[in-house]
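Dear colleague,

Please find the structure just below, followed by some notes on what was found in it.

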Amino acid sequence: KLKTEKAGKPEIDEAVKKLLALKAEYKAATGSDWKPGATPAPSAAPSSSSGGSGDALNLATAAQGDLVRKLKTEKAGKPEIDEAVKKLLALKAEYKAATGSDWKPGATPAPPAAPATPAGGSADALNLATAAQGDLVRKLKTEKAAKPEIDEAVKKLLALKAEYKAATGSDWKPGAAPAQVKQPSPKKEVVAVQKDGPGGELSAKVAAQGDLVRQLKTDKKPKEEIDMAVKQLLTLKTEFKAATGSDWQPAGGPAKKPEKQKKAAKEVKPKEKVEQA
């Protein structure tokens, strides 16, 4: 579109740069080059925990290096070249942090020793790619581009956001640093069980949820709201049983003995009458 409308060279170069970065991300995520109308393969996503990040950074660095050489060959403005070089150096630094070795043209990324760093690198790369795609969508809307073109860009943006959430466990937000949520979560569950022992914390949650359900019923809240609260209560009771091995009971325990005593009393009365007769 930009080339057809004969837009300014810096504008075209910026769009090309984003395109190359996105293609590199696509190849790292799916294992194949991007083609118009191609459907991304979801199977490659889970495996891109370590090597995927190195490959993505390798491709992104190579693409950025090509861009720098292109700008210098075409004698672009110094600020533009400096910005491209700055990004190239940042990518090389990320590559070294992820793989433990300096980036070299045509080099195959070595598998990293620690798996935690590549996960962050992958999240960072997805964060940058999502931000760039968001900028592109806004630019297309501002320039009132064709609806199919905007829809395609929005579709890619949503796909990137989904990848980001899968990698970090949290929704993408502009300017937000990617949070590595996946690793701490299982530890938190283990610690919770250890601290609870017999399930003290879970018991308190079940009791609180039970109070909420009763309160909603007393206040005659909508059925949907009550059903949702009951569903959460049942889930908490299931968690309690899984953690403790026994069903949850109120602190006082289920006391239904008075009813039995009443029944016993009712049974005794006729006998007393018979004796009196």
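**The second largest pocket**

The second largest pocket holds about 570 Å³ of space, where a pocket is, on a 1 Å grid over the protein atoms alone, an open set of points where a 1.4 Å probe fits, with protein on both sides within 12 Å along at least five of seven lines, and the volume is the space filled by probe spheres set on the points, which are joined across faces, edges and corners. Its lining, meaning residues with an atom within 4 Å of a point, is made up of 23 residues, and Ala21, Gln64, Lys87, Leu91 and Leu128 are the closest to the centre. Two or more lining residues come from each of helix 1 (9-30), helix 3 (51-73), helix 4 (78-99) and helix 5 (116-142). By class, 13 lining residues are nonpolar, one is polar and nine are charged; here Ala, Val, Leu, Ile, Met, Phe, Trp, Tyr, Cys and Pro count as nonpolar, Asp, Glu, Lys and Arg as charged, and the others, Gly among them, as polar.

**How the model is to be read**

This is a predicted model, in which local features need pLDDT of at least 70 and side-chain atom pairs count only at pLDDT 80 or more, while totals for chains, interfaces and linings use all residues. Residues are numbered from 1 along each chain as its sequence is written, and side-chain values use heavy atoms, with hydrogens and water left out.

**The chain as a whole**

The chain has 10 helices and zero strands, these being DSSP runs numbered from the N terminus (helices: H or I, at least four residues; strands: E, at least two). Of its 277 residues, 27% count as buried, that is, under 20% relative accessible area, with exposed meaning over 50% and partly exposed in between (1.4 Å probe, protein chains only).

**Two residues to look at**

Gln209 lies in helix 8 (residues 200-218), and it counts as buried because its relative accessibility is 10%. Its side chain makes a polar contact with the side chain of Gln232 at 3.2 Å, a polar contact being a pair of N or O atoms within 3.5 Å, of which, within protein, one must be able to donate a hydrogen and the other to accept it, while residues adjacent in sequence count only if both atoms are side-chain atoms.

Leu136, in helix 5, has 29% relative accessibility and therefore counts as partly exposed. Leu136 and Lys18 are 118 residues apart in sequence, and 8.6 Å apart in space from C-alpha to C-alpha.
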